[in-house]
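I am opening my notebook on a new model.

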Amino acid sequence: MTVDRLTVEYPVIDMSRSFRREIMHNWFGSITMRGEGAHKYATVRALQNLSFELNDGDRLGLIGPNGAGKSTLLRTLAGVYTPTSGSVRVEGRISTMFTIGVGMEFDDSGYDNIKTCGLILGMSVDEIEAKRPDIVEFCGLGDYIHLPVRTYSSGMMVRLSFAIATAIEPDVLLIDEVIGAGDARFSQKAAERIETLMSKASVLVLASHASSTIKTFCNKGMFLLGGRSVFVGDVDEALEIYNQWVRQGDAA
Amino acid sequence: MSDKKSSISFGDDEPEVLIIVPENANQSALGAAFADLATSIANWKLWLRLSVIDIRNRYRRTVLGPFWNVLSMAILITTLGVLWSTIFQQPLRTHVPYFSAGYVTWILIVSVFNDHAQAFASNGAIIRAISMPFSIHIIRPIARNIMVFGHSLIVHVLVMLITQTPIMAYIPQPGELEPVQYGYDLVSILLFPAGLAILSLNFVWIGLILATICARYRDIAQVVVALLQVAFFATPIFWRRDVLAGNELADTILAKFNPFFHWVEVVRRPLLGEIPSSLTYAVTLGGIAIGFLVALVVYSRYRKRISYWV
């Protein structure tokens, strides 16, 4: 996975017209006015000139305050958002886990949803049938797997989503925040599964505010601030810098 | 301008915007749009499953399930069919089947259009979470509504059985019994699935344009709803085209140049054992050819932005 001078700027429709043409520098992405006259619109530059490279086995943790661009980066890597400039090259099968329960039919049982979500993520029917027992076993929901998903707690939904998202054996696994909703035992199980996946040559990118989550899953860290990368490198170092930044804010 | 930077340095500042446009940007966007559509259509297992789930969810925990649709349609067609054949002084035996064939087709068209207007807007969560071809959200409502149409068709079959077979003789009515009007032959039976396929293909290109525009301009969805209501009355569905005979202008506007008329006709005529006119085929098939070109241009141009709009 190669990311080269990536900038993502997205138009904001329906914003109030009270913005003046200005660029705000803070730890959110900057808001810019583009266009002239009646075609004036605001854009948020969520990511600025980001470059990095991930190779097989890399597990990158994205850290940074709210609005730093973590989710935008994940969505751009997933191909949902298109870069305004720069390029993203991702090789292989992508699996995503961004929002709890997306693609799930809440009235269907977890068992049925394995098939639905599997198809949405791009698995074939045969593949899903072959992997179903494993998915059911991994998410450890017991008989709940046959109950409608609307009866699940968010932690249970995360278990199911994670089991499906990793069962497709992706080359690139992108996870946003949500994984934090799982309990400690699940986190351990999930970390083990990611370990196995990584040994089969894949890349993980995970965004979280929680240092513990990042530490459990990642070996590399990227500290994002205002859509720019402040630090990329070893996970402990990245967390150290992030914590330093947090303390600095407290002092100010 | 004072620059309120946070005390942590950001690294080098970069140029305002650096836009890299690939040399064959247009070409590749068109190719991507085409691939998007082709992948969706090929992934029939997904959209078929999602459509079945949609129908199942709609009637979940009801006793009659999709037959609620059949029942309400049956009541409506009987009541209005009899009412309108009285108002327009048309024989029951021909007008009720004419109305039922036209009405079930019309409901298919209306529901698909209404669903398409919301197609991207209402699937925002999934569009922003998973990179999958957006056109799946166009094909899914078509498949779903054709399944509903299949159920409604039961009503039409019943209407045909009652009005076109000797059963009618047992129903008391004033005056003489008119001779049976409609009868099927092999051609009309084969033309029915063909007509449905032609209509569905028209739905695809209309849906691509409609859903894209409606994702950006939410007012258009409301305009569509309003227009469709008018179109129902302005299209020969519960009244016959014959009533326009003698008024060349009205016939031109309400029938000849009315795309809704031709979309209804291409399915309605075979349902009545008749063969659609060549003008109908020209409009519907020509619509597919031109419509897909326009749709691919529009869709390829704005596809990338849809995820920002929803």
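**Chain B, then one helix**

I read along the sequence of chain B and wrote down the pattern α-α-α-α-α-α-α-α-α-α-α. That is 11 helices and zero strands. Helices (H or I, at least four residues) and strands (E, at least two) are DSSP runs, numbered from the N terminus.

I noted the ground rules. The model is predicted, so local features need pLDDT of at least 70 and side-chain atom pairs count only at pLDDT 80 or more, while totals for chains, interfaces and linings use all residues. Residues are numbered from 1 along each chain as its sequence is written, and chains are lettered from A and ligands numbered from 1 in the order in which they are written.

I looked up burial next. Of the 310 residues in chain B, 36% are buried (20 or more other C-beta atoms within 10 Å of a residue's own, with C-beta atoms placed from the backbone).

I then picked H10(B), residues 259-271. Its 13 residues should span 18 Å at 1.5 Å a residue, and its end C-alpha atoms are 19 Å apart, which agrees. The expected span is 1.5 Å times one less than the number of residues.

I found a bend of about 35° at Glu265(B) (the angle between axes fitted to the seven residues ending there and the seven starting there).

How many residues of H10(B) are buried? I got 12 of 13. Among them are Phe260(B), Trp263(B) and Leu271(B). The buried residues pack against helices of chain B including H4 (92-118), H7 (186-216) and H11 (278-309).

Last, I checked what follows H10(B): Gly273(B), with a positive phi near 75°.

Definitions and conventions:
Two residues are in contact if their C-beta atoms, placed from the backbone, lie within 7 Å.
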